[in-house]
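Q: I have just opened this one and would like to be walked through it. Could we take it a piece at a time?

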Amino acid sequence: MDFTCIFFGILFTAAGLLFACGKGHIHLSMWKNMPKAERDKIKIAPLCRNIGAMVVLSGLIFLIKGFSGLTGPWFTAAMIVWLVLAGCDAWYIGKSKRYYS
């Protein structure tokens with residue numbers, strides 16, 4: 001068992017679930033300082049679900065490594081795949097009109 005990975009897995013999973021439920025973004029200083037007119041342009045619920053799912057996925061990868069002893073190359077490959085997915089997701093968020101009113 002790798003307690004560091006378990007700790008980060010629990011932390012990322014909890015943070016991701018907080019975002020996915022729509023309760024995480026209100027604690028971000030950037031969101032608090034954003035003008036109301038700009039906040040109203042953003043559909044925050046689907047955006048939070050999207051970001052929350054990506055963070056939960058990262059947390060699950062850490063939990064699997066922590067509990068099963070996922071060997072180094074497999075963990076590295078899983079994180080590289082996650083990084084590629086996160087990059088594609090960020091590109092999709094930027095290009096899609098789904099998250100704007």
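Q: Let's start with Leu-63; where is it found?
A: Leu-63 is found in helix H4, and please keep in mind throughout that this is a predicted model.

Q: Is Leu-63 buried or exposed?
A: Leu-63 is buried, because its relative accessible area is 16%, and the cut-off for buried is under 20%.

Q: And what is Leu-63 in contact with, leaving aside its neighbours within four places in sequence?
A: With those neighbours left aside, Leu-63 is in contact with Cys-5, Ile-6, Gly-9, Ile-10 and Thr-13.

Q: What box do the C-alpha atoms fill, and what share of the residues is buried?
A: Taken along the principal axes, the C-alpha atoms of the protein chain fill a box of roughly 50 × 25 × 20 Å, and 31% of its 101 residues count as buried. Among contacts with a separation of 6 or more, 72% are accounted for by residues 24 or more positions apart.

Q: Where is Met-1 found, and why does it count as exposed?
A: Met-1 is found in the segment before helix H1, which spans 3–20, and it counts as exposed because its relative accessibility is 69%, where the cut-off for exposed is over 50%.

Q: Back to H4, at what angle do H4 and H5 pack?
A: Helix H4 and helix H5, the latter covering residues 72–95, pack at an angle of about 175 degrees, and their axes are 11 Å apart. That angle makes H4 roughly antiparallel to H5, because angles over 145 degrees count as roughly antiparallel.

Q: Which residues make that contact?
A: On the H4 side they include Leu-47, Met-54, Leu-57, Ser-58 and Ile-61, while on the H5 side they include Phe-75, Met-79, Trp-82, Leu-85 and Ile-93.

Q: Switching to charges, how many salt bridges does a search of the whole structure find?
A: The search finds two salt bridges. In one of them, Asp-2 pairs with Lys-65, and their closest N and O atoms are 3.7 Å apart. This pair links distant parts of the chain, with Asp-2 in the segment before H1 and Lys-65 in helix H4, 63 residues apart.

Q: Which of those counts as buried or partly exposed?
A: Asp-2 counts as partly exposed because its relative accessibility is 26%, whereas Lys-65 is buried, with a relative accessible area of 16%.

Q: And where do Lys-36 and Asp-40 lie?
A: Lys-36 and Asp-40 both lie in helix H3, residues 36–40, and are four residues apart, about one turn of the helix. Their side chains meet in a salt bridge at 3.2 Å, N to O. Lys-36 is exposed, with a relative accessible area of 56%, and Asp-40 is partly exposed at 44%.

Q: Last one, what does Leu-70 touch, not counting residues up to four places away in sequence?
A: Leu-70, which lies in the loop between H4 and H5, touches Ile-64, Lys-65 and Phe-75.

Key
Residues numbered from 1 in each chain as written. Predicted model: local features only at pLDDT ≥ 70, side-chain atom pairs only at ≥ 80, totals over all residues. Heavy atoms only, no water. Helix = DSSP H or I, 4+ residues; strand = E, 2+ residues; numbered from the N terminus. Buried < 20%, exposed > 50% of the residue type's maximum accessible area, 1.4 Å probe, protein only. Axes fitted to C-alpha atoms, helices over the stretch in contact; angles between N-to-C directions. Parallel < 35°, antiparallel > 145°, perpendicular 65-115°, else oblique. Contact = heavy atoms within 4.5 Å. Salt bridge = Lys/Arg side-chain N within 4 Å of Asp/Glu carboxyl O.
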